[in-house]
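Visitor: Please take a close look at a single part of this model. I would like one connected account of it and of what lies around it.

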Amino acid sequence: MCGIVGVLGTHEAAPLLVEALGRLEYRGYDSAGIATLDEGRLGRRRAVGKLVNLSDKLVHEPLRGHSGIGHTRWATHGAPTEANAHPHAGARVAVVHNGIIENYRELREELSARGIGTSTDTDTETVALLCQLYLDQQMPPREAAAATIAKLEGAYALCFLFEDEPDLLIAARKGSPLAIGHGEGEMFVGSDAIALGNLTDRITYLDEGDRAEVTRAGVVIFDAQGREVTRPEKRIAQAAAQVDKAGHKHFMAKEIAEQPRVLAAALGHYLTPEGRIALPEPCIDFTAIDRLTLVACGTAFYACNVAKYWFEQVARLPVEIDVASEFRYREPPMPARSAALFVSQSGETADTLAALRYAKGQGAQILSVVNVTESSIARDSDIALPILAGAEIGVASTKAFTCQLLVLGALALEAARQRGTIDEATLAAHLQGLRALPGLIDQGLSIEAECQRVSRGLAEARDILFLGRGRMYPLALEGALKLKEISYIHAEAYASGELKHGPIALVDEHVPVIVMAPHDELFDKTVSNMQEVMARGGKVLLITDTKGARIAGDGTWEVITLPEIDPLWAPILYAVPAQLLAYHTAVAKGTDVDQPRNLAKSVTVE
Ligand code: M6R
């Protein structure tokens, strides 16, 4: 989604702004722009499409000045045109915005009643024009910004730059994250620490409702009630702000390859050296709840789907599960003896955050499983469990998914231990299985060349089906999501047993059917469904282990063989072929793997 950056520097701001916007590209965008102050005068340059178009424009029409703001826009209100690109401006103020101003129609009417017309389709333009109105009424810039912000409804991260004020940026946050960066005689504003990674490692995160007056001397922050407050300055580890591909062609490839290492790091956090589960204290008392609600979006939702099997089968704990965008409006009752767990890589997904706030309002204990530990979802949780995957830049979530699964798996085992639904020996065996994961994933990655070869065939298809049963059904869903989001091939996933209730009508020799079936207790059932597909001319790619390949490999189109694994944890290992097939199919099709069309990394609007 939209990315924001602001610079009060000691050198030319434009190159710094463009570089920082480059570090925000991963969030997804369709136009970009900057504004700077050159001898007190505002100048703006904006361009549709990739950042390189803005850079080209700046070569021919440079912008000078040491102060500026920049923006990558993911279109919500209005098409991705130059006119709709940020910064938006009045005569003496420029504004960049991430979020949605929900009352922008009323604001437009108010402006129109005063003879002030708009020239774009965006909600953000009203913010700039309203602020300009207050400036025209002789309000000083700080007051004009505060008065403007007070009128806004909806979600926003905002940064204002004023003509004749080269030493001032006003930043504000409600519903969308925003960070202030501290330099030596310089100050910065950014959507996240990654944006500011090349500028500073000293970051202050704004809290919900905060407004910040930023000058080169420092920052003064006011909370939602207008009281001056202090927010902590943190040092961000270099690695957290690192966004290089480490020799890989795409971030997605790098992130797939990183999985053995990050899973090992997560294991080190959640298991003691003796191999026992180590959760932060105090953690949840699973004997005090009769139900767990799991809520998330996209890939994180599929991680919840897998976890449902674990909590129900191993810990005998009933689990309710929903996508956040449905949960938040369904208004489900939350019984007293229940807890709600929210899973999110970014920790900023608007629907997940709203669902969390609903559950909190119902008095539920709130847990979250997040990658970004400074995120809104982590901050709003009673207990936030980090997945320790490191920055995930590719829009298609890969290492975050497997790390989410690992943390949820450890949590499910802890629930089983507390509830007495698992004996010592079985618990020890499953813990041993978890510890084996980094090594198995490492072995699993050796199927890459095979996946690349098979993907050439998949790239020819118009439609692809994924099948799985039990714990592998959510993996089929994840495989289909991964494939469609980066290769743009239509892909659907079905529970294997459900196929004959309708979708089998889709099967013919042109539709590859990818069957995910480790040799587990449901293997024979899945293979029967696979046979039904092959009997109708279907072209099956079977993903299984050596035993499974020996029993059911005959007559299939292709077989991809993974190492044997504790069946409980098979979904974590089988994520690897799902990711590799999607990746290589997308590469074969020549799509934009890391920034697929229309998608944003962190969906901060509803
Ligand atoms: O940051 P989150 O985990 O809350 O994001 C949720 C989804 O938007 C995300 O998983 C999305 O589905 C990915 N692009 C899938 O690869």
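Guide: E312 sits in helix α8, residues 298-315; helices here are DSSP runs of H or I with at least four residues, numbered from the N terminus. The model is predicted, so local features need pLDDT of at least 70 and side-chain atom pairs count only at pLDDT 80 or more, while totals for chains, interfaces and linings use all residues. Residues are numbered from 1 along each chain as its sequence is written, and side-chain values use heavy atoms, with hydrogens and water left out.

E312 counts as partly exposed because its relative accessible area is 25%. Buried means under 20% relative accessible area, exposed means over 50%, and partly exposed lies in between, with a 1.4 Å probe and protein chains only.

Helix α12 covers residues 399-419. From first C-alpha to last, the 21 residues of α12 reach 30 Å, close to the 30 Å expected at 1.5 Å a residue; the expected span is 1.5 Å times one less than the number of residues. Most of α12 is covered, with 18 of its 21 residues buried. Just after α12 comes G420, which has a positive phi of about 70 degrees.

Helix α10, residues 350-361, can be treated likewise. Its 12 residues should span 16 Å, and the end C-alpha atoms are 16 Å apart, so the two values agree. α10 is also mostly covered, as 9 of its 12 residues are buried, among them D351, L353 and Y358.

Technical notes. Helices (H or I, at least four residues) and strands (E, at least two) are DSSP runs, numbered from the N terminus.
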